[in-house]
Amino acid sequence: MAFQEFVPALSLPVNFTVRDNPYENSKEKYPKQMRLFIPLTSIDEFCAHIKAAAEDENFKKLGKVYDMKTNSREEVEGIYLNGNGRKNTFEDDEDSCFGTINPRRIQTEEESEEIPF
């Protein structure tokens, strides 16, 4: 298989942070909080990537989802969205981290169809 040049799906990456939950009324039950920041210029690209991945059999995987209301897990079909991160050294929280998500662009069928002459 030939090396494919990395072409990002998003013009600007999604940023994520995992940190201590700052809200007193829920921090005992949910001690950690994950936040995503999606730049407005990347929202349409992000949605298009998710839809393209959902339609492509190569991206569909089995995974478990956790329902916090019922405290149970269920295995369902879905897609994984990966990012790269680092441990945060700027806060007192030893477990906090941050990073970005910008997956490889998925070429859709419309883009790959050649124009007949």
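Where does asparagine 71 lie?

1. The structure is a predicted model, and the points below should be read with that in mind. Asparagine 71 is placed in the loop between strand E3 (61-67) and strand E4 (72-78). Its phi is positive, about 55°, although asparagine 71 is not a glycine. The residue counts as exposed, because its relative accessibility is 55% and the cut-off for exposed is over 50%.

2. Asparagine 58 is another loop residue to look at. Its loop runs between helix H1 (43-55) and E3. With a relative accessible area of 61%, asparagine 58 is exposed. The C-alpha atom of asparagine 58 is separated by 27 Å from that of phenylalanine 37, and the two residues are 21 residues apart along the chain.

3. Asparagine 88 also sits in a loop, the one between strand E5 (84-87) and strand E6 (97-101). Is asparagine 88 buried or exposed? Asparagine 88 is buried, because its relative accessibility is 12% and buried means under 20%. Leaving out residues up to four places away in sequence, asparagine 88 touches Asp93, Ser96, Cys97 and Phe98.

4. On charged pairs, the count comes to 3 salt bridges. One of them joins aspartate 20 and lysine 32, whose closest N and O atoms are 2.6 Å apart. Aspartate 20 belongs to strand E1 (residues 14-20) and lysine 32 to strand E2 (residues 32-37), so this pair ties together parts that are 12 residues apart in sequence. Both ends are partly exposed: aspartate 20 has a relative accessibility of 37%, and lysine 32 has a relative accessible area of 34%.

5. Another salt bridge is formed by the side chains of lysine 27 and glutamate 24, at 3.4 Å from N to O. What is the relative accessible area of glutamate 24? The value is 63%, and glutamate 24 is therefore exposed. Lysine 27 is partly exposed, with a relative accessible area of 32%.

6. Lysine 60 and glutamate 57 also form a salt bridge, and here the closest N and O atoms are 3.0 Å apart. Lysine 60 counts as partly exposed at 26% relative accessibility. Glutamate 57 is exposed, with a relative accessible area of 56%.

7. Which residues make up the largest nonpolar core? This core has 6 residues, namely Ala9, Leu10, Val14, Phe16, Phe46 and Ile101. For alanine 9, the contacts beyond its neighbours within four places in sequence are Glu45, His49, Asn102, Pro103, Arg104 and Arg105.

8. The second largest pocket holds about 240 Å³ of space. Its lining consists of His49, Ala53, Phe59, Ile79, Tyr80, Leu81, Asn82, Pro103, Arg104, Arg105 and Ile106. By type, the lining residues divide into 7 nonpolar, 2 polar and 2 charged. Some names return from the previous point: His49, Pro103, Arg104 and Arg105 are among the residues lining this pocket, and they are also among the contacts of alanine 9.

How values were computed. Residues are numbered from 1 along each chain as its sequence is written. This is a predicted model: local features need pLDDT of at least 70, side-chain atom pairs count only at pLDDT 80 or more; totals for chains, interfaces and linings use all residues. Side-chain values use heavy atoms; hydrogens and water are left out. A salt bridge is a side-chain nitrogen of Lys or Arg within 4 Å of a carboxyl oxygen of Asp or Glu. Helices (H or I, at least four residues) and strands (E, at least two) are DSSP runs, numbered from the N terminus. Buried means under 20% relative accessible area, exposed over 50%, partly exposed in between (1.4 Å probe, protein chains only). A nonpolar core is a set of buried Ala, Val, Leu, Ile, Met, Phe, Trp, Tyr and Cys residues joined through side-chain atoms within 4.5 Å. Contact means heavy atoms within 4.5 Å. On a 1 Å grid over the protein atoms alone, a cavity is a set of points where a 1.4 Å probe fits but cannot get out, and a pocket is an open set with protein on both sides within 12 Å along at least five of seven lines; lining residues have an atom within 4 Å of a point. Grid points are joined across faces, edges and corners, and a volume is the space filled by probe spheres set on the points. Ala, Val, Leu, Ile, Met, Phe, Trp, Tyr, Cys and Pro count as nonpolar, Asp, Glu, Lys and Arg as charged, and the others, Gly among them, as polar.
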